[in-house]
Amino acid sequence: MILLNPGPVNLSERVRAAMVSPDLCHREPEFSQLQSTIRKRLLEVYGLTSEAWAPVLFSGSGTAAVEAMISSLVPDASKLLIIENGVYGERMTRMAETHGIAHDTLHHGWGEEIDAPALEIRLASGDISHVAVVHHETTTGRLNDLGKIGSVCRDAGAELLVDAVSSFGAEQLDFRYITACAATANKCLHGAPGASFVLTRRGVLESAQPRCVYLDLVRSCQSQDSGSTSFTPAIPCFHALAEALAEHAEQGGVTARRKQYEALAEQTRKGLEQLGVVPWHDNHASSCVLRAYALPRKITYKALHAGLKERGFIIYAGQGGLSEQLFRISTMGAITEEDMQDLVKAFSEALCGA
Ligand SMILES: *Cc1c(COP(=O)(O)O)cnc(C)c1O
């Protein structure tokens, strides 16, 4: 089955094979070695130094890492502004509510471009210390302009917390503007679901205020720095992530992965446009990771999904109110040009049958 949903992704054979490594106790030096290999390789993805940055691993999906970041890095005397333009921004607001963090939102409709002047005006009032934003809003495939948002935050002296779950490893991330970002193993890094991580500036850990036991960023960082781990990790997923990171680097890192996704996405767009299926966003607003397409009038999502699944492809529905209007195709994972040729063929058959 070819997975065109935005994670988990199809694994390469070498990553799949890494998951069946020998059984391992997490209190033994072999685990410590595995963990430090992953942490070192995570820093290398964007060329960060271990003096300034700490990678902190969690066993859990991407949301665990986002919640560790949000619930740990905003001290009580601070106020968080959450920028919303899709499901994942709104999820961070729910986290702030749940953990009793003082917050406000800068709301946009799903898929709307973030209003940078409005952000600047909001930050000028001086009460906001931290801003949280989603880099790639997977809800619609919109890639938010982190450079623009980051420079507004920096000028206002606000710390920027980024949900980079569906962009880390494939899109450029300018870490000059970033205080911390959260991401996962099983999206652009092509690992298995079950491991996620936060990359945080070490300097902010001293004033951090964790509000969870399991997702305590500060304690987790301390124990991982000392070669240990707070809880039982998802060891097979860690093996897969270490291998996926090696593969990512060997294949040319972020730039090469971006190119690969972009080429597959463009190939798909051209093929689908010939069948009358058109993109939801202008190309320039979309990430390289995922494209949203308007659902053709003559077919329901359910019928389209079933027709494609029968032919070996999983596409992804629009979320919430968008489910009747769009569907999504991600080009992450160990998939090829040939797979996407077959997809276009499968589409044409599924649409003809409608
Ligand atoms: C996938 C995703 C998440 C996390 O989802 P999980 O199901 O917890 O892995 C968070 N933010 C964004 C932008 C995502 O695409």
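**View 1. Contact between helices α5 and α6.** Ala116, Leu119, Glu120 and Leu123 of α5 are in contact (heavy atoms within 4.5 Å) with Lys148, Ile149, Val152, Cys153 and Ala156 of α6. By class, the residues of this contact comprise seven nonpolar, no polar and two charged; Ala, Val, Leu, Ile, Met, Phe, Trp, Tyr, Cys and Pro count as nonpolar, Asp, Glu, Lys and Arg as charged, and the others, Gly among them, as polar. The model is predicted, and local features need pLDDT of at least 70, side-chain atom pairs pLDDT 80 or more, whereas totals for chains, interfaces and linings use all residues. Residues are numbered from 1 along each chain as its sequence is written, and side-chain values use heavy atoms, without hydrogens and water.

**View 2. Packing geometry of α5 and α6.** Helix α5 (residues 116–124) packs with helix α6 (residues 146–156) at an angle of about 15°, and their axes lie 10 Å apart. The two helices are therefore roughly parallel, a term for angles under 35 degrees.

**View 3. Helix α2.** The 17 residues of α2 (residues 29–45) reach 25 Å from first C-alpha to last, close to the 24 Å expected at 1.5 Å a residue. Its buried residues (under 20% relative accessible area, 1.4 Å probe, protein chains only) include Phe31, Leu34 and Ile38. The buried residues of α2 pack against elements including β2 (53–59) and α9 (253–274). Just after α2, Gly47 has a positive phi of about 60°.

**View 4. Helix α4.** In α4 (residues 87–98), the buried residues include Val87, Tyr88 and Met92. Among the elements covering the buried residues of α4 are α3 (62–73) and β3 (80–84).

Terms used. Axes are lines fitted to C-alpha atoms, for helices over the stretch in contact, and angles run from 0 to 180 degrees between N-to-C directions. Helices (H or I, at least four residues) and strands (E, at least two) are DSSP runs, numbered from the N terminus. Angles under 35 degrees count as roughly parallel, over 145 as roughly antiparallel, 65 to 115 as roughly perpendicular and the rest as oblique. The expected span of a helix is 1.5 Å times one less than its number of residues. Buried means under 20% relative accessible area, exposed over 50%, partly exposed in between (1.4 Å probe, protein chains only).
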